[in-house]
Amino acid sequence: RKAPDQGAVKNALMDPKGLLALSQEQAESLLRLQLGQLTRLNQGKLSDEKQELEGKQKELNRLLSQDDAVYDLMLDEFKEMDDRFGVERKTQILQEDGEVTEIDL
């Protein structure tokens, strides 16, 4: 696991003083087996990721082609922000009689 590349792993597996002391053919077979298992494991993850990305692509294409979809998305995001950050006003705005000067602003 700590080896920098496959060559180093292969050499470690074939080391006569090592734990396994495998032949060259055995070491190569072991490396192919591990890579095959990793490929099968990753294939499912890659398939799931592909489906997820295709779904996002469809949604983005829909947003590009339909203005109403963009407005609906904006409204949903504004509602989420209001729910998350919105608070009632804590100060009161009073109507002041008279003229408003620059200093008042």
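A residue is called buried under 20% relative accessible area, exposed over 50% and partly exposed in between, with a 1.4 Å probe and protein chains only. By this scale leucine 75 is partly exposed, because its relative accessible area is 47%. The structure is a predicted model, in which local features need pLDDT of at least 70, side-chain atom pairs count only at pLDDT 80 or more, and totals for chains, interfaces and linings use all residues. Residues are numbered from 1 along each chain as its sequence is written, and side-chain values use heavy atoms, leaving out hydrogens and water.

**Fold and confidence**
- The protein has 3 helices and 0 strands, where helices (H or I, at least four residues) and strands (E, at least two) are DSSP runs numbered from the N terminus.
- Mean pLDDT, the predictor's confidence in each residue from 0 to 100, is 82 for the protein.

**Burial**
- Of the 105 residues in the protein, 7% are buried.

**Helix α3 and its residues**
- Leucine 75 lies in helix α3.
- Aspartate 72 also belongs to helix α3, which spans residues 67–85.
- Aspartate 72 counts as partly exposed because its relative accessibility is 46%.
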